[in-house]
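Please look at the structure shown below, and keep the sequence at hand while reading the report that follows.

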Amino acid sequence: MSYQGYGQPPPNQYPPQGYPPQQPYGAPPPGPPQGYGQPQGYPPQGQYGQPPPQQHGYPPQQPPPHGPPSHSPYPQQQQHQQYPPPSHSPYPQQQQPYGAPPPGPPQGYGQPQGYPPQGQPQGYPPQGQHQYPSQQHQQQPPYGAPAAPYGAPPPQPYGAPNVIPTPPSPGYDPNQIAHFDASGPADALRKAMKGFGTDESTLIRILAHMSPQEIPTLKQTYQQRHRRSLESDVKDEVSGYFEFALLAILRGPLQQDVWCLNDALKGAGTKEALLDDVLIGRSNADIRAIKTAYQQTYRRSLEADVKSDLSAKTERMYSMILAASRQEESAPVHPQAVDADVTELHRATEAKTGAEALTVCSILTNRSDGQIRAIALAYEHKYRRALETVIKNDFAGHMEDALVRMVRTGADKAMRDAIALEECMSGPGTKDERLTTRIVAVHWDRAHAGQVRGAYKHRYKKDLISRIRGETSGDYERVLVAMME
């Protein structure tokens, strides 16, 4: 089944409750679920959990009410365990169920001149408040003024709109950890691994539902109370893909990304799909955190390792990504800029013989998720072909996979992840390491995990949990299912 409408489910295939019809071009376009940072005017998409408290000059974000809204036309997925745990997790869920009606279009796209902005992303000031940086010109600091503190967002060019930078995803700022009494879980884990035999059910029950900010506290508490490394004990007690999954959880999202990048680049050959999973579609703040953590862990520059392992256009594409110069998700989506990008993408692809890969890369790696979505909608309206289809026709191999992932990230991140999980299970044999890595990445945001289940059900007409159970077994199966429930 082709991927239609970039974030729009195919027509006449939604459940009986119905889905709002697609708007004509120029009308406020429906929005995708939000990703790493919220595109202006689109409904919330899952980050790796709810953004943590304000750090390094990033704006505070207000979480929506816990749980999905009652008006969603998509049936709510059953959850067998509530998240966050009511006892101590301070990070509430966000994001509407898959297919929920969007609140409005991005500012400037499809709206008359001077029309007030609609549907601000979570955490940004509501309409009508003066602190919202709509089109203000930023003043340059006077000569001799003190420099901005380390980690503060870079200053905007003179005359540019004052755009609010997207904050790091939860787990990507090492200073942000959950302060709670982890002695109970730490003691239970030690008891589960002490002596003869291992209580695998306890390991799964505790670790599969920890938030990114809780993992460091748990590991520190375990070390202090038992004078042992939790990761080392897990390595000694379990094995196989079950061990692979538990260690991926215990690293936390940032260190897991760093581990995956090293795994993708070490040895002969490059695991480009793993690089794509970690780097494509990430916010500038997350890319900077990943580069810093990679340097601290391996005493090598990530950019230098990528350059030495790859070549030609692929290396150039990743250099663009690692520059961390994407448009922020709070940046407005201007129709004129969208139309210019659409024309340039057409010129560089189907309008000529031999596609210009670097031109396409330079556009898609620099635009925000909201802007990419607007570009995809406008391209299909203007040329009567989906942008994803054009990319598939004009590119091949890894370049095709990477560019398609960029478009899907902007269009519908939940559907992107649902397709990625099915790719690990389809065909002969299960790609267990890739499946595990992708489920661990999805599970950090429980609301997003629910969105992925809904998107999977919509596209493949079957239950994702049942699909996982059919492809895995034993404790390995149980930990994957626990992360997705």
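Is lysine 461 buried, partly exposed or exposed?

## Lysine 461 and the basis of the model

Lysine 461 is partly exposed, with a relative accessible area of 48%, where buried means under 20%, exposed over 50% and partly exposed in between, computed with a 1.4 Å probe on protein chains only. This is a predicted model, in which local features need pLDDT of at least 70 and side-chain atom pairs count only at pLDDT 80 or more, while totals for chains, interfaces and linings use all residues. Residues are numbered from 1 along each chain as its sequence is written, and side-chain values use heavy atoms, with hydrogens and water left out.

Lysine 461 sits in the loop between helix 17 (446-460) and helix 18 (464-471), helices being DSSP runs of H or I with at least four residues, numbered from the N terminus. Although not a glycine, lysine 461 has a positive phi of about 60 degrees.

## Alanine 324

A positive phi, of about 50 degrees, is also found at alanine 324, which is not a glycine. Alanine 324 belongs to the loop between helix 9 (312-322) and helix 10 (335-348), and this residue is buried, with a relative accessible area of 9%.

## Helix 4 against helix 5

Helix 4 (residues 230-237) packs on helix 5 (residues 240-265) at an angle of about 175 degrees, and their axes are 10 Å apart; the axes are lines fitted to C-alpha atoms over the stretch in contact, and angles run from 0 to 180 degrees between N-to-C directions. Helix 4 is therefore roughly antiparallel to helix 5, a term for angles over 145 degrees.

Contact (heavy atoms within 4.5 Å) involves Leu230, Glu231, Val234 and Lys235 of helix 4, together with Glu243, Leu246, Leu247, Leu250 and Arg251 of helix 5.

How values were computed:
Helices (H or I, at least four residues) and strands (E, at least two) are DSSP runs, numbered from the N terminus. Angles under 35 degrees count as roughly parallel, over 145 as roughly antiparallel, 65 to 115 as roughly perpendicular and the rest as oblique.
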